[in-house]
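Subject: Structure handover

Hello,

Here is the structure we discussed. Please open it alongside this message.

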Amino acid sequence: MKMNPILAIDGYKVSHRAQYPQGTTQVYSNFTPRSDRFFSSPVADGKLVFFGLQGFLQWFMVDLFNDAFFARPQEDVVNEYKAVMDSYLGQDAVPVDHIRALHNLGYLPLHIKSLDEGSTVPMKVPVLTITNTRDEFFWLVNYLETVLSAELWKASTNATIAHHYRKVCEQWAEKTCSDMSHLDFQCHDFSFRGMAGLQDTMQAGAGHLLSFKGTDSIPSLLYARDYYTAGEDYFIGASIPATEHSVMCVGEKEQEIETFRRLIVDLYPQGFVSIVSDTWDYWRVMTEYTRELKQIILNREGRIVFRPDSGDPVEILCGTGADDDTRGDRSPEEKGSVEVLWEIFGGTVNEKGYKVLDPHVGLIYGDSITLARADEILRRLEAKGFASSNVVFGVGSFTYQYNTRDTFGFAMKATWGAVNGKGRMIFKEPKTDSGLKCSARGLLRVERDAQGELQLHDEQTWEQEKTGELKTRFLNGKLYNVDHFEQIRQRLAAQR
């Protein structure tokens, strides 16, 4: 369904055009993360990763408006708007002349400037500003607040979370790994089924792909391709063949090892394959099946990745016992999966003195992983003498869906306006507020200080506003300063 984008609004927005002072000709607003309520991990830095604007501008502000508004017959567009408003607020309660005028114009008369996507942004520094380019369309600026907020907060929030996962993984890799090649695939996006629909999946999943290249969300690959690569042949992300519980169940409990054998020998005699291993008795798989299939696994060219999917992820991977316990009579549960595989398949000790499993076997855990759990798993592996590269995390909706717009306090606020030809510096400063909702004032500029940190300067002149880190991205229906996905990835990587 191609919804008429002029109706992608909160209901109260339709009344605001008449409520502005007579003679209003310009509104200038910004979109800003105001508070970091999420991170308590050891790598937290109080910053947001800005991402998602370019995709939104193309699919909504250009493509959807062109297809579902400007390209449609004017009477169809106007009559639809009127019918909705008459039903919603009462007969003739909302005029339609401004909708007709916008259709006649043929483009969105707006100027949107933003920081570079992939920038790490301190709280209370605006990521974008928006204003109108024609006086009669002053109403359009904050009219689009709701959809702009809805489409941008999640992509940036999830890009930030993925960035922190990458920092956790890098921190432990620097301590325990000689080879860092695993990092691009150490966190794999499992979130699709738990997200709030297809559009949510695409945008949020593309945020994950700024920091990692492993994903099971194919729509996210397409989103990144369509809006950030201009169709170029460019590697965005990948996965490997993997089973699910239905595959194992249909193979029957009594024949489970034969299902493993068929997968390893017949279907995937080489390459990587992930096999869910807790359908019935996980520790039997890890201690009996592995030994029976050991030579077949070691003779393969590639890796068998065992996937536990229930229980406490820290204990399943690292064991329930003390990390320095070396008693020979410990149970598999006390040892944990990594140590069990080491005892059966062995491996090597890297240059930093940490154990690395034989490359024919590996582990991925994808149930209820959080930043804190990932950090604890890697901490405990280090304490047991294992490199962090021995495990991969499936990062799902438990991480990527349990957030809101308030996770980073996103808000769009007007800070400047023009009435009867005179500019007005405006601001919000509620006495009943803690300070969170106090807005910037007037025209805005963002600059980097001597340490390279982004800083907000408000109460600027128009000449000052035209400089700084906020660059034109959308002007009168066209995109400017477009970035490639690789540029954004590299920009973010340079800030870790």
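Below are notes on a sheet, some aromatic contacts and one histidine.

Please keep in mind that this is a predicted model.

Six strands form an open sheet in the order 7-6-13-12-9-8, and their pairing is parallel. The edges are taken by strand 7 (214-215) and strand 8 (273-276); each has a single partner strand, so one side of each lacks a neighbour in the sheet.

Val305 has Gly362 in strand 12 as its bridge partner. Helix 10 (residues 256-267) lies across strand 8 and strand 9, and runs at about 175 degrees to strand 8.

Aromatic pairs

Searching the whole structure gives 22 aromatic pairs. One of them joins Tyr20 and Phe138: the ring centres are 5.5 Å apart and the planes stand at 90 degrees, so the pair counts as edge-to-face, the class for angles over 60. This pair links distant parts of the chain, 118 residues apart. Tyr20 is in the loop between helix 1 (16-19) and strand 1 (24-32), while Phe138 is in the loop between strand 5 (128-132) and helix 5 (140-143). Tyr20 is partly exposed, at 25% relative accessible area, whereas Phe138 is buried, at 10%.

Phe65 and Phe70 make another pair, with ring centres 6.0 Å apart and planes at 40 degrees, so this pair is tilted. Phe65 is buried with a relative accessible area of 0%, and Phe70 is buried with 14%. Both belong to a cluster linked by ring pairs, made up of Phe56, Trp59, Phe60, Phe65, Phe69 and Phe70.

A ring also takes part in a contact with a charge: the charged end of Lys355 sits over the ring of Phe386, at 5.2 Å from the ring centre.

His98

Is His98 buried or exposed? His98 is buried: its relative accessible area is 7%, and the cut-off for buried is under 20%. This residue is found in helix 4 (residues 97-105). Apart from neighbours within four places in sequence, His98 is in contact with Arg17, Tyr81, Phe137 and Trp139.

Regards

Key: Residues numbered from 1 in each chain as written. Predicted model: local features only at pLDDT ≥ 70, side-chain atom pairs only at ≥ 80, totals over all residues. Heavy atoms only, no water. Pairing = 2+ DSSP bridges. Helix = DSSP H or I, 4+ residues; strand = E, 2+ residues; numbered from the N terminus. Contact = heavy atoms within 4.5 Å. Axes fitted to C-alpha atoms, helices over the stretch in contact; angles between N-to-C directions. Phe/Tyr/Trp six-rings, centres within 6.5 Å; stacked < 30°, edge-to-face > 60°. Buried < 20%, exposed > 50% of the residue type's maximum accessible area, 1.4 Å probe, protein only. Lys NZ or Arg CZ within 6 Å of the ring centre and 35° of its normal.
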